[in-house]
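Please look over the sequence and the structure below, and then read the notes on salt bridges and on the cavity that follow.

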Amino acid sequence: MFSFAHSGLLFLLLLIPFFVILYAWARYARNRKLKKFGNPATLSPLMPEVSPFKPPLKLTIEMAALFLIIFCLARPWGGVKDEKTVKEGIEVIIAVDASNSMYASSTSDEKGSDRMRTAKLMLEKLINRLDNDRVGLIVYAGDAYTLIPVTNDYVSAKMFLNSIDPSQIDNQGTDISSAIRMATTSFSEDKNIGKAIILITDADELEDEQGVMAAAQKAAHDGIQIDVVGLGSSVAVPIPLKNGGYLMDPFTGERAMTALNEDLAAAIAQAGHGIYVNASNREALNELDKQLETLKKASLESNISAVHDEIFPIFAVFALALLVLDIFILDRKIGWLDKITFFKKESA
């Protein structure tokens, strides 16, 4: 007993009786035309090479081949078998800075693309490269929040990534140490799998630099690598607000300015035994990808799934054989076969 993956294509089998009827009509019209020239019994010796049996034989072979080809297209299944797959990978938690400074330009031009948009585009490309790895997502400003725990559901990860909006976070600031501590407790307990925290930040106005370094060193001691992606330019730019205008400094009354603290970002990566890359670098994603490849991969999950046993290759082989046979069968009689007399008349 077997089923079909595309059973709707079996309606193409109706082409077979259509071609048979079309062939019968063509043979009938041919015989009628021959009768206009004379008696078929008289005309037959004038066409000694014409075989009355070859055309029906070729039609039978061609229709059988068409039948098998349609079966192949319908993709017949012979049954169900179990297939086991084992995935190996690493665990990656992405910690995204969602402070107001992420609204600022990612370049020295204050009207350039904002840092949050740059981060989302880069991280979406990175998630697409994570083949069998697990990914988690943390957002932080004055506090850290888990958006999604480590998972291999990349669609949900990208959906939550695109939902990050600094305007929705009331407690502003840049508490990186809180993000690192939360990330280190969000990994699985498996010590055989490589773990990494990808920290997205402009490292501007950190609340506790010593605390950040201590958290990064502890994570590295626990076997967790910290890679830092810097956003922005070393040139200070103003911070536009989502609803218009600019963020103002409450002490001076002037526009608040922000710049990438690249030295501090690189120091955090060094303390975490990882690498620092600037998001504006075209090779940043490749460098980050290569760094993640250095981590030890381990078996993440083993799935046993039921898959159908494909049997269409059997029909495909027979269809090909019939098509090859049809090529070598000509419409005329076989000369050497005419010389053989199967029934001899005995002499009196």
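In this predicted model, Lys218 is exposed because its relative accessible area is 54%, which is over the 50% cut-off. Its salt-bridge partner is Asp222, with the closest N and O atoms 3.1 Å apart, and Asp222 counts as partly exposed at 44% relative accessibility.

**Other salt bridges**

- Five salt bridges are found when the whole structure is searched, and one of them joins Arg134 to Glu91, where the closest N and O atoms are 3.4 Å apart.
- This pair links distant parts of the chain, since Arg134 lies in strand β4 and Glu91 lies in strand β3 (residues 91-97), 43 residues apart.
- Arg134 counts as partly exposed at 22% relative accessibility, whereas Glu91 counts as buried at 0%.
- Arg129 forms a salt bridge with Asp289, the closest N and O atoms being 3.5 Å apart, and this pair also links distant parts of the chain, with Arg129 in helix α4 (residues 115-129) and Asp289 in helix α9 (residues 284-293), 160 residues apart.
- Arg129 is partly exposed, its relative accessible area being 37%.

**The cavity**

- The structure holds one cavity of 30 Å³ or more, and the volume of the largest cavity is about 30 Å³.
- Strands β4 (134-140) and β5 (144-151) are the elements that each give two or more residues to the lining of this largest cavity, and β5 gives the most, with four residues.
- Among the lining residues are Ile93, Gly136, Thr146, Pro149 and Ser186.
- Sorted by class, the lining has six nonpolar residues, three polar residues and no charged residues.

Methods. Residues are numbered from 1 along each chain as its sequence is written. This is a predicted model: local features need pLDDT of at least 70, side-chain atom pairs count only at pLDDT 80 or more; totals for chains, interfaces and linings use all residues. Side-chain values use heavy atoms; hydrogens and water are left out. On a 1 Å grid over the protein atoms alone, a cavity is a set of points where a 1.4 Å probe fits but cannot get out, and a pocket is an open set with protein on both sides within 12 Å along at least five of seven lines; lining residues have an atom within 4 Å of a point. Grid points are joined across faces, edges and corners, and a volume is the space filled by probe spheres set on the points. Ala, Val, Leu, Ile, Met, Phe, Trp, Tyr, Cys and Pro count as nonpolar, Asp, Glu, Lys and Arg as charged, and the others, Gly among them, as polar. A salt bridge is a side-chain nitrogen of Lys or Arg within 4 Å of a carboxyl oxygen of Asp or Glu. Buried means under 20% relative accessible area, exposed over 50%, partly exposed in between (1.4 Å probe, protein chains only).
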